[in-house]
Amino acid sequence: MSHTSRAWRAAAHLPAPWRSPRPFSSASGPTTKKSVPYQKTLQEEGAGSEPSRAPPASAQVVVVGGGSLGCQTTYHLAKMGLGGVVLLERDRLTSGTTWHTAGLLWQLRPSDVEVELLAHTRDVVSRDLPAETGLHTGWVENGGLFIASNKQRLDEYKRLMSLGKVYGVESHVLTPSQTKDLYPLMNVDDLYGTLYVPKDGTMDPAGTCSTLARAATARGATIIENCPVTGIQVRTDDFGVKRVHAVETAHGTIQTPCVVNCAGVWARALGRLAGVHVPLVGMHHAYVVTERIEGIQNMPNVRDHDASVYLRLQGDALSVGGYESNPIFWEEISEKFAFGLFDLDWDVFTQHIEGAVNRVPVLEKTGIKSTVCGPESFTADHKPLMGEAPEVRGFFLGCGFNSAGMMLGGGCGRELAHWIIHGRPEKDMYGYDIRRRFHHSLTDNNRWIRERSHESYAKNYSVVFPHDEPLAGRNVRKDPLHEELLRQGCVFQERHGWERPGWFNPGGAAPVLDYDYYGAYGHQRHRDYTYNRLLGDEYTFDFPPHHDVIKKECLTCRNALALFDMSYFGKFYLVGPEATKAADWLFSADVSKAPGSTVYTCMLNRQGGVESDLTVSRISPGAPGSPLAPAFEG
């Protein structure tokens, strides 16, 4: 036992992390190897440096990274009938981040698409893989319990339950007394209620990935371990478009038109080999495993969002982890890191202990068997990076899963495989698509990536309100009217890096200040921060307090005159003798109107789905030298 029960009590009285300034980041590599709460990993002590098999001369698709996403993508590519699929893993399958993940699967999320993705992952690990291989993936269906300590949180859970009904996800809102009956060891004195999902559960990383590998190779895929990628050849075609040509490894070159970057924390380095920006950061992410707890057997996994802590059932013990306000950045990412772990920083982890002991008081008298602190990759909006990179054709991303790669792996692996084969995913993956979320000025902006990734991490368990805005990574792209609008009391919103007008505060200016990291890393928190206060007033599922202000703005627009700042919108000009013909083909509405007319319409894809809604304005050519003539970018 690495820590005794005294560790819980002692750590609970340590200074809170935000009162104890500590280094902003860590450049250290793994310091120790500790046990993780699984019967096995796929690590093989003394494994040689030779590849498990020789790389082929060519392939249709090369997947790089043998973690959850790499294995799921390879499996789904093979299952969809694509031949010539090769997975390259620089060490052993699951090395890096997947092997030590907690493996939780919660079926309900605020997004309908994510509910579908999670449902497919659950089907793969609990039904498809056992049927195809005859092997058990390690799936344990012990249920999940979301804790509501206030009315707003319970309202959020009721919305999740309603969304779940549409997709056939069984869930129940429980009273505190019903929760106590379900989980006798839980303190329910401060609860408003809970959301119980009986068919949530826990995945085993080694069992899942080894079974995926078995199923993929049975369908013709090739999996090569101990085969690090050293380079990616990119060539420019006759039209000036950069395309993937080959993958270079330490043991040979594979010619291929398609590379899938599933390298996790190492995805940014792999992207640089092809000239692709991958906007993610590496951070330490930790949990601890307790000694045996009498009466904990068969209890559901618990997420206490307001305490920012989760409790994962581990046989007759618990794994305890969460998301803190001051995570440690991993600056110098080691290429040789495989199955090592970091020493746990108790100053950072303390807040999770306090929350866990409050929720399950028996933990205060329970010993800690092991600590697990490893690297994970995190992104600016806490969503994965997927799709074809805008810089290079044939270079796909499947990375940046924010510690959710196991539970999103099945759904995202299937969508990514469909994307590669058919040119687009089946589902609306706009929120994950690297081409549509971030402007190129942001994906290579380290300050923006770091600030936004930190805020997204720290707010991961926060209630998702409809009118929230980030405080990090602001004032990156401003238009010429910004200062004047600010003086007039404009409350700005952020879209693709742009500061766009939201509404006007009658109380005066509300500027967005430099990011203070919520007081972490020795930063002084802003005081009397008007913009932050106005955002806090909007944290509601009802109409926000400024609803009447917006009503007056809308009536003014209808009855008088309004000027709209469209700087943050993308603009495309159709010019030339066949511009009208092109417009008729592109847009679903009739846009052949007189000059000065504007039509609201859609752009559709081949399946008849909506790719974009937009306005089309018919304008006269005008003089080329006029200051009103359009300026082109890109």
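Q: How many helices and strands does the protein chain have?
A: The protein chain has 16 helices and 25 strands. Keep in mind that this is a predicted model.

Q: What radius of gyration does the protein chain have, and what would a compact globule have?
A: The protein chain has 26 Å. A compact globule with 634 residues would be near 26 Å, so the value agrees.

Q: And what does the C-alpha trace span along its principal axes?
A: About 80 × 65 × 45 Å.

Q: What share of the residues counts as buried?
A: 52% of the 634 residues. The chain exposes about 29,000 Å², and carbon and sulfur atoms supply 51% of that area.

Q: What about contacts between residues at least 6 apart in sequence: what share joins residues at least 24 apart?
A: 73% of them.

Q: Switching to rings. How many aromatic pairs does a search of the whole structure find?
A: It finds 22 aromatic pairs. Take Trp99 and Phe339: their ring centres are 5.4 Å apart and their planes are at 65°, so the pair is edge-to-face.

Q: Where do Trp99 and Phe339 lie?
A: Trp99 is in the loop between β3 (85-88) and β4 (104-105). Phe339 is in the loop between β18 (329-330) and α8 (346-359). The pair therefore ties together parts 240 residues apart in sequence.

Q: Is Trp99 buried or exposed? And Phe339, buried or exposed?
A: Trp99 is buried, with a relative accessible area of 4%. Phe339 is buried too, at 5% relative accessibility.

Q: Next pair. What is the geometry of the rings of Phe329 and Tyr521?
A: The centres are 6.3 Å apart and the planes are at 55°, so this pair is tilted. Phe329 sits in strand β18, and Tyr521 in the loop between β23 (498-504) and α14 (530-537). That pair ties together parts 192 residues apart in sequence, which is why it counts as a link across the chain. Phe329 and Tyr521 are both buried.

Q: Which residues do ring pairs link into a cluster with Phe329?
A: Tyr515, Tyr517, Tyr518 and Tyr521.

Q: Which ring face does Arg90 lie over? And Arg159?
A: Arg90 lies over the face of Trp266, 4.6 Å from the ring centre. Arg159 lies over the face of Phe541, at 4.3 Å from the ring centre.

Q: What feature does UniProt place at residues 61-419?
A: The unreviewed UniProt entry gives "domain: FAD dependent oxidoreductase" there. In the model, that span is 30% helix and 28% strand, and its end C-alpha atoms lie 12 Å apart.

Note on methods:
Residues are numbered from 1 along each chain as its sequence is written. This is a predicted model: local features need pLDDT of at least 70, side-chain atom pairs count only at pLDDT 80 or more; totals for chains, interfaces and linings use all residues. Side-chain values use heavy atoms; hydrogens and water are left out. Rings of Phe, Tyr and Trp (its six-membered ring) pair if their centres lie within 6.5 Å; planes under 30 degrees apart count as stacked, over 60 as edge-to-face and the rest as tilted. Helices (H or I, at least four residues) and strands (E, at least two) are DSSP runs, numbered from the N terminus. Buried means under 20% relative accessible area, exposed over 50%, partly exposed in between (1.4 Å probe, protein chains only). A charge sits over a ring if NZ of Lys or CZ of Arg is within 6 Å of the ring centre and within 35 degrees of the ring normal. UniProt positions are given in the numbering used here, feature names are shortened, and annotations may be inferred rather than shown by experiment. The radius of gyration is taken over C-alpha atoms; the globule rule is 2.2 Å times the number of residues to the power 0.38. Contact means heavy atoms within 4.5 Å. Accessible areas come from the Shrake-Rupley method with a 1.4 Å probe; for residues, only the protein chains shown count as cover.
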